[in-house]
Amino acid sequence: ELCPQRPDIVVSGINHGANVGINVYYSGTVAAAMEAAFYRVPAVALSYAYEEQADFATAAKYAVDVFDKVKNLNLSAVININIPKLSYGKPKGIKIVPQSTMGFDEHYIRQTNADGGLLYQLTGGDHKDIDIPCDTLALIDGFITITTLGFDMTDYKNMGKLSLKKYGWKCVLGSEIIYFICLLGGLFPLRSARGVELHHTI
């Protein structure tokens, strides 16, 4: 009803605030692009590093320039593009980098608001990465970052430790054969009426 024709592409953003590192796990911007990708629609998640005087028009121009370079690659993954702070000057270039999973040095400060209520304010936020090629550091260094994001968050290394034979567990789908397919990475994406979802890429 809202989109009678299949879209050529879905662009989610521009989000005011970077979506790099572990932020992608709880980003609505990335989630919207992922949903499009589930339906095999080319998808881009677009974010702009937070700054008070944001220049969205210029950020959009850089984003379009980046997308023009990759739009014909027929990628099945979400293209996650982050624009650095433009108040520091023009971006130094474009870097294709992996997602950082190191997290942030963050903590909470206990405070009292004007009404006497208790609150905890998140502070810190420095990246833990040190000299590791990744999206967080490249963005801080002033580069536009591109990272392709897939659907499958399964930890296959540790899945092997959960032996079905050792513990006698059964696959939640009712078949060890289907479980084996999942373990190998999946043969096809499936979304059933029962709400059982398999989103895998070969």
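A nonpolar core is a set of buried Ala, Val, Leu, Ile, Met, Phe, Trp, Tyr and Cys residues joined through side-chain atoms within 4.5 Å. The model discussed here is predicted.

Q: Which residues touch the most other members of the largest nonpolar core?
A: The largest nonpolar core holds 13 residues. Those that touch the most other members are Ile79, Ile81 and Ile83.

Q: Which element gives the most residues to this core?
A: At least two residues of the core come from each of strand E2 (43-48), H2, strand E3 (78-83) and strand E7 (144-149). With 4 residues, the element that gives the most is H2.

Q: Which side chains meet in a salt bridge, and where do they lie?
A: The count comes to 1 salt bridge, with an N to O distance of 3.0 Å.

Q: Is lysine 69 buried or exposed?
A: A residue counts as exposed when its relative accessible area is over 50%. Lysine 69 has 54% relative accessibility, and therefore it counts as exposed.

Q: Why does aspartate 65 not fall in the exposed class?
A: Exposed requires over 50% relative accessible area and buried requires under 20%, with partly exposed in between. Because its relative accessibility is 38%, aspartate 65 counts as partly exposed.

Q: Which residues make the nonpolar surface patch of about 420 Å²?
A: One member, tyrosine 26, is found in the loop between strand E1 (10-16) and helix H1 (28-38), and at 59% relative accessibility it counts as exposed. The patch is made by Tyr25, Tyr26 and Met153.

Key
Residues numbered from 1 in each chain as written. Predicted model: local features only at pLDDT ≥ 70, side-chain atom pairs only at ≥ 80, totals over all residues. Heavy atoms only, no water. Patch = residues over 30% accessible without salt bridge, like charges linked within 9 Å, V, L, I, M, F, W, Y side chains within 5 Å. Areas by Shrake-Rupley, 256 points an atom, 1.4 Å probe, with all protein chains shown as cover. Salt bridge = Lys/Arg side-chain N within 4 Å of Asp/Glu carboxyl O. Buried < 20%, exposed > 50% of the residue type's maximum accessible area, 1.4 Å probe, protein only.
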